[in-house]
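Please follow the chain through its sheets, helices and charged pairs.

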Amino acid sequence: MIIAASFTFGIIHTFIKYGKYEISSDSERVYIKKGVVSEASFSIAKERVQAVEITQSFSKRVLGLAEVKLISAGSLAMGAEDLNISSLYPFLPKQKAYALVADLLPGYQIQEDMQRLPRRALWLRMLKPSWLWLFATAALFYFKPNFLGIVETWWTASILLLIVIFASRILDFLHTRYLLNDELIQLKDGGFTSTLFVTKREKIVEVEIKQNRIQRAFGLSSLKTVTRARPIHTSHLEDVPDALSGTFRLWYRGRIREVKLDASN
């Protein structure tokens, strides 16, 4: 009953917030109108868009839906006010989401054919200890709670938690992908909820490549990118092959030429 009520409330809330949804654009800005009871309209300058995020929760992935977000260096203009929120629409078929981005922002052409992580990255992730599981199991062992009046069920909860953790790691491995395409970079990761991050090289203001001892033994590294936004947006990609780290360094050096070109304009 509670689940049905929550589901119904979610549908009504989404309809009220995103009903009568309209989105359009010209050469300079993207315009959005939404709302049934209280209509809101705002716009964002295309030149201030720093990146695009396409997010899929587990339920949305099952239904083939996605949420499109714009990451902006400034706020969205809404009359005399400013908005920091940048969600274009929370429920779009994935292919339509890609088409929407390409139509509104021609410079952000999303490619679906991306590179996967090597299999050794999965082994590394599965071998990492889970501090969450260790602490949770210790707490369950100490308190020994009874579920549904059944004695000594704490170990069942511990096993279920471990299964969820391993399932999340496997899904994260399957979802994690990357692509360097001329001036664009695409990074995708996430377990039960996956996020595809797309930005231009010139929009990245800081990069970091790290490697711990275990990653070094497996020939893997971690990438971090920082994009100018409000607030600053940070994106991580774990356990990528060392070859990508070298390619990424060379790719990012091209930003110097692009930044100088922008400054001259």
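A residue is called buried when its relative accessible area is under 20%, exposed when it is over 50%, and partly exposed in between, using a 1.4 Å probe and protein chains only. The model is a predicted one, in which local features need pLDDT of at least 70 and side-chain atom pairs count only at pLDDT 80 or more, while totals for chains, interfaces and linings use all residues. Residues are numbered from 1 along each chain as its sequence is written, and side-chain values use heavy atoms, with hydrogens and water left out.

Glu 67, at 14% relative accessibility, counts as buried. Its side chain meets that of Lys 60 in a salt bridge, with 3.7 Å from N to O; the term denotes a side-chain nitrogen of Lys or Arg within 4 Å of a carboxyl oxygen of Asp or Glu. Lys 60 is buried as well, its relative accessible area being 13%. The structure holds six salt bridges. Side chains of opposite charge can pair when their charged atoms come close.

A further salt bridge joins Lys 94 to Glu 112, whose closest N and O atoms are 4.0 Å apart. This pair links distant parts of the chain, 18 residues apart: Lys 94 belongs to helix α3 (residues 94-104), and Glu 112 to the loop between α3 and β9 (115-116). Helices and strands are here DSSP runs numbered from the N terminus, helices being H or I with at least four residues and strands being E with at least two. Lys 94 is partly exposed, with a relative accessible area of 26%, and Glu 112 is likewise partly exposed, at 41%.

Arg 125 and Asp 239 also meet through their side chains in a salt bridge, at 3.0 Å from N to O. Because Arg 125 lies in helix α4 (residues 119-127) and Asp 239 in strand β15, the pair ties together parts that are 114 residues apart in sequence. Both Arg 125 and Asp 239 are buried. Salt bridges with shared partners join Arg 125, Lys 128, Asp 172 and Asp 239 into one network.

The strands may now be taken in turn. Seven of them form an open sheet in the order β8-β5-β4-β12-β11-β10-β9, with antiparallel pairing; two strands pair if DSSP finds at least two bridges between them. The edges are β8 (87-93) and β9, each of which pairs on one side only. Helix α8 (residues 242-253) lies across β10 and β11, running at about 35° to β10.

Within this sheet, all eight of the eight residues of strand β4 (residues 49-56) are buried, so β4 is largely enclosed by the rest of the structure. Six bridges join β4 to the antiparallel strand β5 (residues 65-72), where Glu 53 stands opposite Lys 69. β4 also pairs with β12 in the antiparallel sense over six bridges, and Thr 55 stands opposite Thr 195 in β12.

Strands β13, β14 and β15 are considered next. Strand β14 (residues 220-227) has seven of its eight residues buried, so β14 is largely enclosed by the rest of the structure. Six bridges join strand β13 (residues 204-210) to β14 in an antiparallel arrangement, and Glu 208 has Lys 224 in β14 as its bridge partner. β14 and β15 pair in the antiparallel sense over seven bridges, and a hairpin of five residues joins them. Ser 235, in strand β15 (residues 233-241), is buried at 9% relative accessible area. Leaving aside neighbours within four places in sequence, Ser 235 is in contact (heavy atoms within 4.5 Å) with Leu 187, Phe 197, Leu 223, Lys 224 and Thr 225.

Methods. Axes fitted to C-alpha atoms, helices over the stretch in contact; angles between N-to-C directions.
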